[in-house]
Amino acid sequence: MDRTEDFIDFAKSISQKISDTWAVQREDLLHHEVSGNKWRKLKYNVAHYFANPQYKGIITFGGAFSNHILATASACNHLKIPLLLVVRGEGGDSATLARCQELGARLHFVTRSAYREKAQLYQDMQAIFPDYYLIPEGGANYLGAQGCKEIYAQIQVDFEYLVCAVGTATTVSGLALALQPHQRILAVPVLKNAYFLRNDFLANLRHFKAEHLAQQVDWAFDFHFGGYAKTTPELLSFVANFNQVHHIPIEPIYTGKAFFAAHQLLKPQQKVLLLHTGGAHGAQTSSVLIWHQRCF
Ligand SMILES: Cc1ncc(COP(=O)(O)O)c(C=O)c1O
C-alpha cells in the first residue's frame, strides 16, 4: 500500500494541545480532500480493489454534499481508478458534485426513495456493474474499520477519553480495536435517535472477535441538535468560538457536535483527545453554508 498512499501526508496528523490536558488529533490535515477518517476508511478497500484484477472500477454512494464521495473521487483520481458515484436525489447546485466530476467520477442519480432501500440499491447496482468493486455509503464496511484502527498510531499524547463523531460507526469501531485498557471513547452520533449505530458498532466488533471492547465506549445520543446537518444557535456559537479561540476549523455537522458533547460531559482536568475527522467541505449544506460564509 505504500506507493498508493503517496498523496497522503501522515506526518501532518499531530496531537495539537488546546489546554494542559486536552488536545485535538488533526486527522483533518492529512489531505485537503481525502481528509479526516476518509482515507482511513478507503485504504483497505482500495487495497482490495488492486488485489483483485477482475475489478474494472469502484462504485460508491452518497448525498450531493457527502464528504465520502468527494474523498473517494479525489483518491480514485490520484490512483487512476475509474469511479462511479451513485448520488441520492437530483444533486442540485452542489460544489461537491461539480468537483467529483472534475476529478473524473461518473455520476448516477437515484431517487431518494430508491436510495433509502440500501440493500436493494446495492444489489441492483452490482447487477448492472458486476465488475465494479462496491464500497458502501460512507466507506462503512469491515475494511473501513480496519483502516480506522490505524488512526491510533498517529496519536502522540496519552488520553483517558478519545472523542469521536459517529455517522456510520465505522470509525469508532476501528478506534475501539486499538484502545489501551485505561482508555475510553466518547462516541457522539450526529443523527437523531440513532440507537441502531450501537448495534452496527457491535456487529463490527463481533467481526473482529472483540465484543468485549464495547465496555470501553460510552455513547452520547443527545447531541444531534435535531438530526443530521441540523443546527441550533448554541451549536453554531460553540463552533464559531472554538474556531476563533483555537484556530482549528471545525464544522457543525460532525466535529462541532462531538466537540460540544465533550465540553458538556467531560471535565477540564481529564486527559481528553478530540478526534478531528475532517469534513469542513460538508459545511456547504444550505443553512450551514450561510453560517460558514459568515465565519470563514
Ligand atoms: C467529517 C466526518 N466526521 C465523522 C464521520 C463519521 O464517521 P463514521 O461514518 O465512520 O461513523 C464522517 C462520516 O463519514 C465525516 O464525514
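These legends walk through a few close-up views of a predicted model. Residue numbers start from 1 along each chain, following the sequence as written. Because the model is predicted, local features need pLDDT of at least 70 and side-chain atom pairs count only at pLDDT 80 or more, while totals for chains, interfaces and linings use all residues.

**View 1. Here are the two domains of the protein chain.** Domain 1 takes in 3–33 + 142–295, and domain 2 covers 39–139; these bounds come from an automatic or database domain assignment. Their C-alpha centres sit 23 Å apart.

**View 2. Now for the place where domain 1 touches domain 2.** Here 23 residues of domain 1 are in contact with 19 residues of domain 2, with contact meaning that C-beta atoms, placed from the backbone, lie within 7 Å. On the domain 1 side, helix 6 (142–148) and helix 7 (170–178) are the elements giving two or more residues, and helix 6 gives the most, with five. Helices are DSSP runs of H or I with at least four residues, strands are runs of E with at least two, and both are numbered from the N terminus. This side of domain 1 has six nonpolar, 15 polar and two charged residues. Nonpolar means Ala, Val, Leu, Ile, Met, Phe, Trp, Tyr, Cys and Pro, charged means Asp, Glu, Lys and Arg, and the others, Gly among them, are polar.

**View 3. Next come the nonpolar cores.** A core is a set of buried Ala, Val, Leu, Ile, Met, Phe, Trp, Tyr and Cys residues joined through C-beta atoms within 7 Å. Buried means 20 or more other C-beta atoms within 10 Å of a residue's own, exposed means 12 or fewer, and partly exposed is in between, with C-beta atoms placed from the backbone. The largest core has 45 residues, and Val163, Cys164, Val172 and Val188 have the most contacts inside it. Strand 7 (residues 161–166) gives this core its largest share, six residues. Beyond its neighbours within four places in sequence, Val163 is in contact with residues including Leu186, Phe259 and Leu274.

**View 4. This one is all about Met125.** You'll find Met125 in helix 5 (residues 118–128). It counts as partly exposed because it has 19 C-beta neighbours inside 10 Å. Setting aside residues up to four places away in sequence, Met125 touches Ile59, Val86 and Leu134.

**View 5. Last up is the shell around the ligand.** The ligand is surrounded by 19 residues, each with its C-beta atom, placed from the backbone, within 6 Å of the molecule. Among the closest are Gly167 and Thr277. By class, the shell has six nonpolar, 13 polar and no charged residues.

Key: Contact = placed C-beta atoms within 7 Å.
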